[in-house]
Amino acid sequence: MKCLGIESTAHTLGIGISTPERVIANEKSVYKPKEEGKGIIPREAAEHHRKTKEKVMERALKKANMEKEEIDLIAVANGPGLPPCLLEGVEFAKKLSKELNVKIVPVNHCIGHIEIGKKDTGAKDPLVQYVSGGNTQILSRSEGKYRVYGETLDIGIGNAFDKFARSLNLKMPGGPKIMKLAEKGKKYEKLPYTVKGMDLSFSGLVTEASKNKEEMSKEDLAYSFQETILSMLVEVTERAMAHTKKKELLLTGGVALNTRLREMNEKMAEEHDASFHVPKNEHCGDNGAMIAYTGIKFKEKAGKKIDINPKWRTNQYELKIKKQ
Ligand code: ATP
Ligand code: FE2
């Protein structure tokens with residue numbers, strides 16, 4: 001079985017192809033706002049997806065060394081995400097489904113990040129730290145669903161990195177640039193640290209760090225920002241680890257590329273006798289491969305009808321498949 005997966009929930013138009021055993025193609029085109037330093041404009045991003053989807057699909061088919069007609073199943077991330085972007089992906093899935101006479105599996109984007117992480121690393125039943133631009137959640141599977149143990153109460157952690165980076169006039173995406181600056185920082189300055197029970201809030205920290213204190217170097221400021229935000233995240237994750245007694249920790253999503261976060265998690269997991277896992281780098285940020293692979297895993301959900309689900313939460317996705 002060969003499944004073609006479509007990712008279009010935000011800035012990335014990704015097309016992946018997977019068999020039950022392995023990913024055989026993972027191609028993408030990433031939207032960049034026309035105006036330097038600005039955030040994503042949903043209509044512009046959707047237009048980017050509309051213009052690039054056919055070409056990206058051609059590249060994926062070529063990479064997989066196959067014809068379009070060999071596709072057995074289409075998977076599409078129909079939520080959560082930006083409505084105009086989601087619509088592009090879903091319309092493309094419907095068109096292909098009609099043309100090739102194959103069914104469509106709806107895939108929750110966040111579950112995609114988790115499933116590809118399990119596939120890449122062999123983790124079976126991990127505590128999940130899902131960290132990306134728009135999302136920050138600590139999750140674990142219980143009774144047929146991923147339950148949320150803690151999450152951000154305002155912006156996603158990647159967006160927090162991006163907002164702070166913008167205040168330093170750095171180009172988007174800002175996360176990797178802050179990480180690089182932070183590596184050169186030496187002096188730690190106390191910044192707002194907001195953990196509320198098992199939940200997190202990042203806005204206060206971003207506002208304070210963005211004031212760009214004259215007396216601090218950019219490097220020290222980035223270092224202080226990164227140490228603070230990652231410590232908040234790891235504190236909550238550690239509590240979930242102690243509570244759930246899971247023996248595996250999986251870090252996934254775009255912010256999983258942060259090497260300091262990997263280091264902190266590894267140490268924390270070790271203290272709890274747990275193993276630590278991260279997907280392949282190309283599977284951390286948004287990609288089509290994760291949607292294709294997850295589509296195969298949940299192929300029993302396939303049908304001919306599909307709608308967008310912009311506010312779909314990770315804990316609403318049924319993992320146990322009900323036979324229809
Ligand atoms: P989601 O819909 O799951 O929220 P997304 O649209 O934010 O996904 P991803 O590709 O999963 O997209 O994540 C992108 C985010 O990851 C950006 O905010 C980017 O700054 C951040 N990021 C990438 N690399 C790093 C890094 N090394 N350190 C910190 N943040 C990073
Ligand atoms: Fe994502």
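Student: Which helices each supply at least two residues of the shell around ligand 1?

Tutor: They are H3, helix H4 (157-167) and helix H5 (175-183), where a helix is a DSSP run of H or I with at least four residues, a strand is a run of E with at least two, and both are numbered from the N terminus. H4 gives the largest share, four residues. This is a predicted model: local features need pLDDT of at least 70, side-chain atom pairs count only at pLDDT 80 or more, and totals for chains, interfaces and linings use all residues. Residues are numbered from 1 along each chain as its sequence is written, chains are lettered from A and ligands numbered from 1 in the order in which they are written, and side-chain values use heavy atoms, with hydrogens and water left out.

Student: How many residues surround ligand 1, and which are the closest?

Tutor: There are 23, and the closest are Tyr-130, Ser-132, Gly-133, Gly-134 and Asp-162; a residue counts if one of its heavy atoms lies within 4 Å of the molecule.

Student: What makes the pair of Ser-132 and ligand 1 a polar contact?

Tutor: A polar side-chain atom of Ser-132 is 2.6 Å from an oxygen atom of ligand 1. A polar contact is a pair of N or O atoms within 3.5 Å, so this pair qualifies. Backbone N or O atoms of Gly-134, at 2.8 Å, and of Gly-158, at 3.3 Å, also face oxygen atoms of the ligand within that limit. The protein covers 91% of the 650 Å² of accessible area that ligand 1 has on its own, by the Shrake-Rupley method with a 1.4 Å probe.

Student: Why does Ser-132 count as buried?

Tutor: Its relative accessibility is 7%, and buried means under 20%, with exposed over 50% and partly exposed in between (1.4 Å probe, protein chains only). Ser-132 therefore counts as buried. The residue lies in the loop between strand E6 (127-131) and strand E7 (136-142).

Student: How do you know that His-109, His-113 and Asp-286 coordinate the iron ion (ligand 2)?

Tutor: Their donor atoms, NE2 of both histidines and OD of Asp-286, lie at 1.9 to 2.2 Å. Donors are N, O and S atoms within 2.8 Å of the metal (3.2 Å for Na, K and Ca), so these atoms qualify; water is not among the atoms, so sites may look incomplete. In sequence the spacing is H-x3-H-x172-D. His-109 is in helix H3 (residues 109-121) and Asp-286 in the loop between strand E12 (275-277) and helix H9 (288-297), so the pair ties together parts that are 177 residues apart in sequence.

Key. Polar contact = N/O pair within 3.5 Å; in protein donor to acceptor, adjacent residues only side chain to side chain.
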